[in-house]
Amino acid sequence: EIMPSLVGSEMCIRDRNAIADGKSVNNTLIIWKNTKALGDAYLYNGELQKARKTYKQAQLLIDEKDGTFERYEAEILYELAAYEKALIVAKKALLIARNCKKDTSRKQRDCVANFNTMSVLLGTIYFKLGDTEKALDQYQKSLHLLKDKGNLREIGKVYILIGDAYKALKNYDKALENQQKALLTFIPDFTENDPAKNPSQNLWTLEIWLMEIFKSKGDCYVEKYNDSQNDAWLQKAIENYTLSVTFGERIRLNYTELTSKLILGSHTRTFYEDLIKAKLALHEHRKEDTYKAEAFQIAQRANAFVLRELLNEQAALKVAGIPTCLLYTSPSPRD
């Protein structure tokens, strides 16, 4: 909800100053902590290479041998799409975290957290490298680890990843089964194991992963339709795509910062596109113009939602006392 570039810049300046203060008293621990914090600031600001270099400097000062710096390196290499290198470092991080000396409760937590995080990342790297079988195996190992710790949010996310792996392997029933398990994890009051069932909107939380589950379920049903030409699967796809669109709109309305809205809006645009394509496919299958008209209405809904957001933002600026002449300057970042 805060502009990442501004936050990152302010953090970087603050942490540089703190590093200088630490040097003045020759306190290695202070220098180490603030060098590490500077790396965090660069990472938050999206300056991955600077973050990588800064973390290496911190590691040279103090390396607690718990896999933390290897974890940072693997995550940054993954974000840089250097998947082969990320794979090597992730395996190293796993080994260090598994064997690290757990001499304090904090160290115990850090070692376990690093091991669990790298276990999931390793599966995702395999997935990116096209080795879906290995990815699936790694995700399932990670799931057992997380279940032991009872971290429901992370468990739900791994169920989604397992579902995505099964989808890539064209095992759509297994994919749907795991996406349903993710729904059950994120919404404990929802108890339907049948993937054909979805939670009513009054059970929804603001857990952003819900819209990914609905989209993924929709994708699976589209593939089942492509395999069978049974239009009942298209209807299920439309149901789930509609939920992903509705949930995406609800989340965007709860965001107040423009950058967050833009990022989420860009991501959820595909939800409307998927829904429109499913409606048009049903039109082609049944030769009923109703579905074509509904597809057009969805496109209008998408445009109307964007327009409503812009108008609400302009109204808010007026209330804040921003001069009218400044509301319509062109071009704007939104354009």
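A search of the whole structure, which is a predicted model, returned 22 salt bridges, a salt bridge being a side-chain nitrogen of Lys or Arg within 4 Å of a carboxyl oxygen of Asp or Glu. Residues are numbered from 1 along each chain as its sequence is written, and side-chain values use heavy atoms, with hydrogens and water left out.

One of the salt bridges joins Asp63 to Lys65, with the closest N and O atoms 3.8 Å apart. Solvent exposure was classed by relative accessible area: under 20% is buried, over 50% is exposed, and values in between are partly exposed (1.4 Å probe, protein chains only). On this scale Asp63 is partly exposed at 23%, and Lys65 is exposed at 56%.

In helix H6 (residues 105–128), Asp110 and Arg106 are four residues apart, about one turn of the helix. The side chains of Asp110 and Arg106 form a salt bridge with an N to O distance of 2.7 Å. Asp110 is partly exposed, with a relative accessible area of 24%, and Arg106 is partly exposed at 36%. In helix H11 (residues 231–254), Lys236 and Glu239 are three residues apart, again about one helical turn. The salt bridge between Lys236 and Glu239 has an N to O distance of 2.7 Å. Lys236 is buried, at 17% relative accessibility, whereas Glu239 is partly exposed at 30%. An α-helix has 3.6 residues a turn, so residues three or four places apart point the same way. Salt bridges also link Asp164, Lys167, Lys215, Asp219 and Asp274 into a network.

Asp164 is also among the residues touched by Gln179; the others are Ile160, Gly163, Ile213, Ser216 and Lys217, not counting residues up to four places away in sequence. Contact here means heavy atoms within 4.5 Å. Gln179 lies in helix H9 (residues 172–186) and is buried, with a relative accessibility of 0%. Cys220 is likewise buried, at 0%.

The secondary structure of the protein consists of 13 helices and zero strands. Of the 335 residues in the protein, 42% are buried. Among contacts between residues at least 6 apart in sequence, 57% join residues at least 24 apart. The protein exposes about 18000 Å², of which carbon and sulfur atoms supply 54%; accessible areas come from the Shrake-Rupley method with a 1.4 Å probe, and for residues only the protein chains shown count as cover.

Helix H5 has 17 residues and spans 24 Å from its first C-alpha to its last, close to the 24 Å expected at 1.5 Å a residue. The expected span is 1.5 Å times one less than the number of residues in the helix. Its buried residues are Ala86, Leu87, Val89, Ala90, Ala93, Leu94 and Ala97. The cover over these buried residues of H5 includes helix H4 (68–79) and H6.

The search found one disulfide, defined as a pair of cysteine sulfur atoms within 2.5 Å. The disulfide joins Cys100 to Cys111, with an S to S distance of 1.8 Å. Cys100 lies in the loop between helix H5 (83–99) and H6, and Cys111 in helix H6, so the pair ties together parts that are eleven residues apart in sequence. Both Cys100 and Cys111 are buried.

Six aromatic pairs were found. Rings of Phe, Tyr and Trp (its six-membered ring) pair if their centres lie within 6.5 Å; planes under 30 degrees apart count as stacked, over 60 as edge-to-face and the rest as tilted. The rings of Trp204 and Phe214 have centres 5.6 Å apart and planes at 40°, so the pair is tilted. Trp204 lies in the loop between H9 and helix H10 (209–228) and Phe214 in helix H10, so the pair ties together parts that are ten residues apart in sequence. Trp204 is buried at 7% relative accessibility, and Phe214 is buried at 0%. The rings of Trp204 and Phe247 have centres 5.4 Å apart and planes at 70°, so this pair is edge-to-face. This pair links distant parts of the chain, with Phe247 in helix H11 and Trp204 in the loop between H9 and H10, 43 residues apart. Phe247 is buried, as is Trp204. Tyr55, Phe69 and Tyr72 form one aromatic cluster.

Notes
This is a predicted model: local features need pLDDT of at least 70, side-chain atom pairs count only at pLDDT 80 or more; totals for chains, interfaces and linings use all residues. Helices (H or I, at least four residues) and strands (E, at least two) are DSSP runs, numbered from the N terminus.
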